[in-house]
2 protein chains.
Amino acid sequence: MSRVRVACLSMSLDGYVAGPYQSSDDPVGVGGARLHEWMFATRTFCRRVLSRDGGDAGVDDELVARGFDGIGAWIIGRNMFGPIRGAWRGEQWRGWWGDAPPFGVPVFVLTHHPRKTLEMAGGTSFHFVTGGMHAALQMARDAARGEDVRIGGGADTIRQCLHERAIDEMHIALVPTVLGAGEHLFAGLDLRGLGYRCERLAGGERVAHHLVSRITT
Amino acid sequence: MSRVRVACLSMSLDGYVAGPYQSSDDPVGVGGARLHEWMFATRTFCRRVLSRDGGDAGVDDELVARGFDGIGAWIIGRNMFGPIRGAWRGEQWRGWWGDAPPFGVPVFVLTHHPRKTLEMAGGTSFHFVTGGMHAALQMARDAARGEDVRIGGGADTIRQCLHERAIDEMHIALVPTVLGAGEHLFAGLDLRGLGYRCERLAGGERVAHHLVSRITT
């Protein structure tokens, strides 16, 4: 059965998934880049996202690969698609990822501002959803044709999904760093009360991998 | 030089170091016992705290042992010493640990209510400090005679010490569980702003070990 998944969500020891003061020059916030170093160092990320050789094999790499396997559609928040706030101001911005983004499947972008679908190279298409999370989930499930839907982020989108128990499983990479401020993942969310449990996936080379799953009731 | 240390502080993935609804029957709160299972399973904890054989050797065990090594005095909060709130109501309560507590050195208990020092078997003595954290730190440092001072907890005591940059290093065991509510360790504390950094210590058998250290300025 198709699941809704979060994968490779990098979180600091003090619970932040992005640093403070996010901007177009610094989309992950001050100190936030440290959160993603482990992923940038993997073979799968180098190949799929950076389109180059290199990177390490190992446990961290396996988890990154698993995050792409069996995904039939993505949902991402507006801010993960680009730095523009408010109306789109033309059609120029086509995402952070160049002409051939690493998704390879339909991507549903949550936004308040309508925009035409973008067909990119390599099988990626960006669909702009103004009807909210539930509409996006329905559209992504349909597009995924039985495969899983991956929620890419950012923090707001994931928190909203967790609050509505829409996520089946969430892989969190615990990064040995403290950020002190920024986007907190769990503040105000009672994960246990929402029916989630946690288990250890693996100790990786650079981070500790955890799986948070919803107990089906 | 004598350092002020926290060791074996068990924290859930969502940042709690104790569950909600703490009581004398349930001193670590609902779900909180799960946080300490990894420690109960170690050889050092069985021997030193439970006074029995058994328990596992390994990385987790080494970290528990390290938490006892070179400690010349402890500081603990009132609630870690016992369940009684307010005035002491007699001298009957002598801690959770029986006649020979596992500390083996002087222990300074933060409280608003004066009480005579308790001399226990095995080298432990409980000293009740009504002058606040700084007084307790001074007394503990003097008593430790060049060895380290360990801050035992609970969360309030540790948070207060972090806020005043009184802790030199803090070993946190990240436990693969979610509690959803309870005593949060880092809420409202800007660890980076306070001058703390984090590194990975080791992936243990049951938990992931992290070290948060103050950068000396």
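**Close-up views of a predicted model**

View 1. An α-helix has 3.6 residues a turn, so residues three or four places apart point the same way. Just after α6(B) comes Arg165(B), with a positive phi of about 55°.

**View 2. The open sheet of chain A.** Nine strands make up this sheet, and their pairing is mixed. The order is β5-β6-β4-β3-β7-β1-β8-β11-β10. At the edges stand β5 (118-119) and β10 (196-203) of chain A. Each has a single partner strand, so one side of each is left without a neighbour in the sheet.

**View 3. The β5-β6 pairing in chain A.** Strand β6(A) covers residues 125-129. Two bridges join β5(A) to β6(A), and the two strands run antiparallel. Leu118(A) has Phe126(A) of β6(A) as its bridge partner.

**View 4. Helices α5 and α6 on the sheet of chain A.** Helix α5(A), residues 133-144, lies across β1 (4-12), β3 (71-77), β4 (106-110), β6 and β7 (148-153) of chain A. Helix α5(A) runs at about 160° to β3(A). Helix α6(A), residues 155-163, also packs on the sheet. Helix α6(A) touches β1, β3, β4 and β7 of chain A. The direction of α6(A) makes about 130° with that of β7(A).

Conventions:
Residues are numbered from 1 along each chain as its sequence is written. Chains are lettered from A and ligands numbered from 1 in the order in which they are written. This is a predicted model: local features need pLDDT of at least 70, side-chain atom pairs count only at pLDDT 80 or more; totals for chains, interfaces and linings use all residues. Helices (H or I, at least four residues) and strands (E, at least two) are DSSP runs, numbered from the N terminus. Two strands pair if DSSP finds at least two bridges between them. Two residues are in contact if their C-beta atoms, placed from the backbone, lie within 7 Å. Axes are lines fitted to C-alpha atoms, for helices over the stretch in contact, and angles run from 0 to 180 degrees between N-to-C directions.
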